[in-house]
2 protein chains.
Amino acid sequence: MKKLINDPQNVVREELEGIEQAHADLVRVSYEPNFIVRADAPVQGKVALVSGGGSGHEPMHGGFVGQGMLDAACPGEVFTSPTPDQMEAATKAVNGGAGVIHIVKNYTGDVMNFDMAAELCRSEGIEVESVLVDDDVAVQDSLYTAGRRGVGTTVLMEKIGGAAAEEGRALKEVADICREVNANGRSMGMALTSGTVPAAGKPTFELGDDEMEIGIGIHGEPGRERMKLKPVAEILEMMATVVVDDLPFAQGDDVLAFVNGMGGTPLIELYIVYNELAKFLKGRGISISRNLIGSYITSLEMAGCSITLLKASDDLLRLWDAPVKTAGLRWGV
Amino acid sequence: MKKLINDPQNVVREELEGIEQAHADLVRVSYEPNFIVRADAPVQGKVALVSGGGSGHEPMHGGFVGQGMLDAACPGEVFTSPTPDQMEAATKAVNGGAGVIHIVKNYTGDVMNFDMAAELCRSEGIEVESVLVDDDVAVQDSLYTAGRRGVGTTVLMEKIGGAAAEEGRALKEVADICREVNANGRSMGMALTSGTVPAAGKPTFELGDDEMEIGIGIHGEPGRERMKLKPVAEILEMMATVVVDDLPFAQGDDVLAFVNGMGGTPLIELYIVYNELAKFLKGRGISISRNLIGSYITSLEMAGCSITLLKASDDLLRLWDAPVKTAGLRWGV
């Protein structure tokens with residue numbers, strides 16, 4: 001296992017210390033239970049957004065805490081759900097009296113623990129709305145999931161929902177915006193190599209030197225098909241066809257196109273992927289009105305990529321464009 | 001070779017097409033010769049900054065073209081200097097009458113070709129100042145370099161020099177600011193794995209499963225020492241000691257600390273590196289007043305990192321904080 005770490009058992013703790021050292025202007029970090037909140041939390045009268053999940057997907061979610069995006073993030077151990085007490089503590093810390101939204105990726109542990117935390121918070125008088133992300137079209141059920149997995153659309157939801165909250169919309173409205181993002185977002189990923197969970201010490205799965213896996217999950221969960229490596233034009237077509245046909249996106253639609261790196265794939269390749277995606281969508285009569293290209297929802301050092309398309313209304317695009325100031329995404333401020 | 005590409009010969013061309021498709025609001029891309037300019041180039045009356053070098057280090061340099069940073073970038077083939085005609089065409093395209101600065105990383109091919117381009121431009125009446133970056137403390141001479149290599153400080157110089165130009169400073173002043181950045185910046189890198197140049201099809205160098213190389217260059221040039229993998233605290237101490245002692249940085253200094261990923265190393269590890277760097281500097285009585293953490297000057301999919309420290313004056317920090325709007329770095333707009 002080749003990683004820039006000390007003790008595999010301390011990876012999350014030391015990462016959090018690094019975030020705390022680096023971004024004291026943006027966030028505060030709490031330990032035991034672990035969570036990250038906006039430096040100015042709680043923001044009185046604003047709906048607060050809380051997300052979380054296993055670590056290993058950085059910058060998601062901790063890198064998205066800040067003005068115009070999340071109010072708090074709860075990092076679990078690597079690829080392991082955070083616990084209800086983390087979620088409860090984070091929810092209390094950011095509650096500004098207007099209610100709290102839990103953004104939950106559809107993995108069994110996350111769903112169960114966020115449900116429990118929401119109940120605890122409600123019993124203490126905090127209004128909580130839960131929003132599920134289940135945008136991965138690759139497989140119906142998966143290793144840790146009943147139904148579709150939650151992947152790239154999460155990033156878009158956290159940005160757009162965060163903007164809606166920032167402009168003062170009410171709890172139900174912000175939750176509806178988040179659900180609209182999920183309803184209009186679709187993703188699919190692929191891997192060239194496996195990442196290695198630090199505590200496991202060996203790759204999660206094995207791929208031959210000439211193999212790739214299409215439809216992989218962000219924890220290395222099996223995808224649709226393992227096959228020989230192909231030119232990226234063919235890989236992109238396989239993925240984008242499923243994504244576009246699933247919603248379905250229609251000729252004349254505007255989309256936000258998100259090309260995501262899995263952690264070990266450099267930007268030069270992501271631009272080549274984006275080039276293929278732009279050509280593919282043009283052929284389908286779909287216009288890209290916004291884009292995001294980079295490694296925003298990763299799987300440790302896995303090489304590979306995912307694509308996410310969000311069918312975009314004017315309201316969603318306006319919220320996407322709104323100012324955001326986080327370690328991972330920043331513009332307008 | 002596992003990469004998300006089509007033909008290895010077309011990697012740079014297709015990457016540029018991707019950038020053109022993605023960032024038409026920020027840049028224009030020209031082909032044959034290849035260069036990227038700000039969408040609003042030339043900006044009349046503003047000193048223009050041009051940089052360039054081999055591709056494979058993305059987002060550097062093309063991702064740093066835009067308001068408050070570079071006016072143009074010239075991408076060579078992967079790990080190959082761009083040609084003088086690229087640099088000449090880019091310089092002409094961005095010349096707004098106030099002169100042009102060439103930011104040149106200290107590699108033999110880059111230096112020679114930028115010199116030739118500067119002569120060509122001067123003979124056509126364009127004032128050109130060349131600024132060399134040679135901040136890598138690892139080795140004195142290297143595979144493609146007489147003297148020290150230019151690495152991470154380049155990113156900081158492009159940001160700070162770009163801000164100085166944006167606020168209307170004259171050619172000589174902007175060049176002096178850039179030289180001040182180089183004089184006060186020091187870097188060192190290390191690798192866990194090698195990247196693979198697409199046209200070569202195999203890794204540039206081989207490292208054992210338990211080995212790393214300290215002092216590596218961004219083209220995989222040999223560093224100081226190949227050794228067994230160690231905990232990151234020890235790795236960081238080896239690198240930071242050389243960096244800090246070289247300038248020398250002194251107790252009470254303020255620095256901008258830049259932890260850079262080499263392309264295949266995920267953000268979770270970079271935050272752990274940053275945590276160690278913050279502890280190390282605290283022990284030396286050095287304060288971090290700004291930081292940058294991410295993969296900004298890469299070496300294809302190489303796993304590893306580099307650290308750069310810039311001894312920071314108030315003027316440099318103010319220029320660092322100034323608005324920037326590029327694909328790779330953005331804040332304040």
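Modeller: A:Leu300 sits in the loop between β11 (287-294) and β12 (304-311) of chain A, strands here being DSSP runs of E with at least two residues and helices runs of H or I with at least four, numbered from the N terminus. This is a predicted model, where local features need pLDDT of at least 70 and side-chain atom pairs count only at pLDDT 80 or more, while totals for chains, interfaces and linings use all residues. Residues are numbered from 1 along each chain as its sequence is written.

Colleague: What is the phi of A:Leu300?

Modeller: Phi of A:Leu300 is near 55°, a positive value in a residue other than glycine.

Colleague: Why is α2(B) called oblique to α3(B)?

Modeller: Helix α2 (residues 84-94) and helix α3 (residues 108-123) of chain B pack at about 45°, with axes 8 Å apart. That makes α2(B) oblique to α3(B), because angles under 35 degrees count as roughly parallel, over 145 as roughly antiparallel, 65 to 115 as roughly perpendicular and the rest as oblique.

Colleague: Which residues of α2(B) make the contact?

Modeller: B:Pro84, B:Met87, B:Glu88 and B:Thr91, where contact means heavy atoms within 4.5 Å. Their partners on α3(B) include B:Phe114 and B:Leu120.

Colleague: Which bond joins A:Ala41 and A:Pro42?

Modeller: A cis peptide bond, with omega about -5°. A:Pro42 lies in the loop between β2 (35-38) and β3 (48-55) of chain A. Another cis peptide bond joins A:Glu58 and A:Pro59, with omega about 10°. A:Pro59 belongs to the loop between β3 and β4 (72-78) of chain A.

How values were computed: Chains are lettered from A and ligands numbered from 1 in the order in which they are written. Side-chain values use heavy atoms; hydrogens and water are left out. Axes are lines fitted to C-alpha atoms, for helices over the stretch in contact, and angles run from 0 to 180 degrees between N-to-C directions.
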